[in-house]
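Hello,

Here is the model I promised to pass on. My notes follow below it.

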Amino acid sequence: MLVDSYKFLPRSFRPLYEGRGAFPGEEAPVWTPFAKRLSESRLALLSSAGIYVKASQPTFDLDREQEHPEWGDPTWRSIPATARPEDIAVAHLHINDEDLLADPEIALPMRALDELAREGVVGGAVANHVAVMGYQDRRLEDWHATTAGEIVAHLRNEDADGVILAPA
Amino acid sequence: MPVLARWIEAAGIPTVVVTMMPAVAEERRAPRIVGVEFPFGHAFGMPHDRAMQRRTLELALRVLAGAETFRTRIDLDVEWPVPVREAYRAWQPKVPSPIVRKLLETRSRGST
């Protein structure tokens with residue numbers, strides 16, 4: 001089966017995504033071989049669903065986005081692998097958050113990854129996964145200048161051997 | 001998200017992107033791609049459907065660890081169990097996002 005990439009996208013949005021080619025300056029291949037066996041690897045998850053920990057973290061800044069519709073909060077959150085579904089909140093103005101709040105695993109499958117670790121399919125999960133809010137300014141300036149580097153430093157600190165990224 | 005994956009990959013950490021728009025991830029040159037025909041906000045599947053979520057995650061792990069070449073794309077052969085029109089409505093926010101509101105206002109001004 002070949003996925004229809006535009007099945008759930010409003011028709012008027014399609015030209016915003018289709019046929020635009022590479023991001024400027026990001027044409028060349030990038031490749032890091034996955035060196036270890038999965039059963040000896042520590043994996044990280046990264047969701048762009050605007051997830052954060054209600055009790056201890058600030059929300060993504062939706063007020064500023066309301067005032068400046070081309071802007072999206074470029075910061076990131078470290079999500080403890082031990083966070084329970086009821087600890088999670090969602091700040092994202094471009095999706096309905098009902099299903100995400102009912103079951104955050106649909107964006108950040110921390111329980112499923114733990115289960116695979118218990119079964120020995122993967123070596124383990126990082127202690128802290130990563131969340132961003134995926135609606136960003138089109139040039140990704142702050143992500144490029146700041147956020148990406150911070151996330152890489154976090155992933156290195158967590159000894160991540162690989163990352164599974166999931167856009168919302 | 002594909003561009004963020006490229007920056008992480010370039011820093012030496014292998015990545016896979018699980019996405020409902022795999023054709024766009026290919027255009028943006030993400031290193032490894034898993035396509036899912038799921039509504040936005042549901043990269044790993046239906047809420048509380050552990051089997052579907054696990055199947056998606058397992059494919060992502062296989063592609064992450066097993067892909068041999070740049071821009072490998074494998075699509076998940078799972079159909080969304082909700083009728084398309086219903087699912088299309090359900091994923092969208094109850095209130096249009098600020099940018100959509102702005103575009104709609106611009107369009108309505110243009111047509112008057």
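A nonpolar core here means a set of buried Ala, Val, Leu, Ile, Met, Phe, Trp, Tyr and Cys residues joined through C-beta atoms within 7 Å. A residue is buried if 20 or more other C-beta atoms, placed from the backbone, lie within 10 Å of its own.

This is a predicted model: local features need pLDDT of at least 70, side-chain atom pairs count only at pLDDT 80 or more, and totals for chains, interfaces and linings use all residues. Residues are numbered from 1 along each chain as written, and chains are lettered from A and ligands numbered from 1 in the order written.

The core first. The largest one has 77 residues, and A:A107, A:I164 and B:A60 have the most contacts inside it. Helix α3 (residues 50-66) of chain B gives the most, seven residues; helices (H or I, at least four residues) and strands (E, at least two) are DSSP runs, numbered from the N terminus. Leaving out residues up to four places away in sequence, A:I164 touches A:L43, A:L45, B:V16, B:V18, B:A60 and B:L64. Contact means C-beta atoms, placed from the backbone, within 7 Å.

Now the interface. 56 residues of chain A are in contact with 61 of chain B. The chain A side divides into 37 nonpolar, nine polar and 10 charged. Nonpolar covers Ala, Val, Leu, Ile, Met, Phe, Trp, Tyr, Cys and Pro; charged is Asp, Glu, Lys and Arg; the others, Gly among them, are polar.

Buried residues make up 48% of its 112 residues.

Best wishes

Note on methods
Buried ≥ 20, exposed ≤ 12 C-beta atoms within 10 Å, placed from the backbone. Contact = placed C-beta atoms within 7 Å.
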